[in-house]
Amino acid sequence: METKSKKLSLEPYKGTRDFYPENQFVQNYIFGVWRKVAESYGYLEYGASILEETELYRAKSGEEIVNEQTYSFTDRGGRDVTIRPEMTPTVARMVAQKRRELSFPLRWYSIPNLFRYERPQRGRLREHWQLNCDIFGVDSIEADVEVISLAYDMMKAFGAKDENFQIKINSRKFLNYLADDYLQISEEQKHKTFKLIDRMNKISVEEFEIQGIEILNEKFDKLKKVISSKDPSDIAGDNNTTTGVSDILNLITSLKRKGIVNVVFDPTIMRGFDYYTGTVFEMYDTNPKNPRALFGGGRYDDLVGIFGVEKVSGIGFGWGDVTTRDFLETYNLLPQYHPPVQLYIAHLEGFMEEANKLADYLRKQGANVEVDLTDRQVSKQIKTSDKEKIPFALVVGEDEVKTGKFKVKNLAQSTETETTRDGIAAILK
Ligand code: HAM
């Protein structure tokens, strides 16, 4: 029986992207910069499966992520499985698993694709790639300074200027001090207040006031004072380790001493995950067109310990490709596309075999060479190479085979050089 079939959609799944070669080129460029700078600091690359048992995220990621944002399912064996929404629980699990064999401090990086069930919008998709750089086993502020310096150097490697971005710093210790000692509010109020601060930039000032008063009553004015403060010691006095103030101030001072001046204290930086214990930070583009963080991270000293092994402190950040692409576009920092192919070989009728022979020879010399596989007119073959933005082209015919000399066309400059096959290899180098 014939049924009328619905036309298949040409679109990728909602909130995900196809990467045609020119997009993949940009993606590879971003990954390349991340990799190069991470490795220059001694970070080692690791990887893992996109699937984890759901339990892993329930333990510490936080309610919003687990209840509203994960792709979760039950597998055929009855296990609850989640497609990873972030990498930190996975890396903590991996460190805990080999706790005794690994030598600390450990510097690791990875560029996983992550999945979150979000409403797709500028800077937010359902699948993104995220650089994760983390240090395990360093309790002191030196690790906090290093990870932020590393991210800063990556920004510089992308060509960003100091005035294009700002790194905002806060501390979970300071936030806890605020709630427990300064405001003296209940656990429920604390939870709601933190969520409200986290949403602050997404709602109107009036809405913020209404909800703030609803949660805190007369204490809301005190919260407003905190939010507008530029220096944590205005609220808690300085040199006090339990309030987190000295951590924040020392960190900012150390970074400034290294020449990283676009760092500020920002009491509204919360970070959505439950596992953070100390420093938290986020980096923002200063252009209001891109209001979402490029990277965010913090210290999570208790996460490895939840696997029942001895505690190992951790600090690191996640940095997404989507906001990075927007940033690079905004500041005109995207590299110009060029394919990896260097030379296109066209041929007259009956000379395809010779063309392939030449290509094989050049490939053995390390060149990237493409041979036209059709018997079209030579001009049409050359047009293809121009369209593909391949820098060089040549034609193989009777004369070339006889003399062993080829005319190498530089398509961008419209110039031509006659040379031998070794001469071609030299040009392509
Ligand atoms: P996160 O703040 O959820 O942190 O993500 C870090 C970065 O990933 C964000 O600043 C943003 O650039 C990007 N990102 C997150 N979600 C999306 C999305 N739906 N679409 C596009 N980009 C997105 C974490 O994931 C922590 N696990 C990072 C970390 C590593 N903390 C310590 N180590």
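**View 1. The residue that follows helix 5 has a positive phi.** Gly159 comes after helix 5, and its phi is near 95°. As in every view here, the coordinates belong to a predicted model.

**View 2. Helix 5 spans residues 141-157.** From the first C-alpha to the last, the 17 residues of helix 5 reach 24 Å, close to the 24 Å expected at 1.5 Å a residue. The helix is mostly covered, with 12 of its 17 residues buried. Among the buried residues are Asp144 and Glu146, together with Val145, Val147, Ile148 and Leu150. Tyr152, Met154 and Met155 are buried as well.

**View 3. A shell of 27 residues lies around the ligand.** Glu86, Thr88, Glu118, Arg271 and Tyr276 come nearest to the ligand. By class, the shell comprises 10 nonpolar, 11 polar and six charged residues. At least two shell residues are supplied by each of strand 7 (127-136), strand 11 (295-299), strand 12 (314-320) and helix 12 (321-330).

View 4. The ligand taken alone exposes 660 Å², of which the protein buries 97%.

Conventions: Residues numbered from 1 in each chain as written. Predicted model: local features only at pLDDT ≥ 70, side-chain atom pairs only at ≥ 80, totals over all residues. Heavy atoms only, no water. Near = heavy atom within 4 Å. Areas by Shrake-Rupley, 256 points an atom, 1.4 Å probe, with all protein chains shown as cover. Helix = DSSP H or I, 4+ residues; strand = E, 2+ residues; numbered from the N terminus. Nonpolar A, V, L, I, M, F, W, Y, C, P; charged D, E, K, R; others polar. Expected span 1.5 Å × (residues − 1). Buried < 20%, exposed > 50% of the residue type's maximum accessible area, 1.4 Å probe, protein only.
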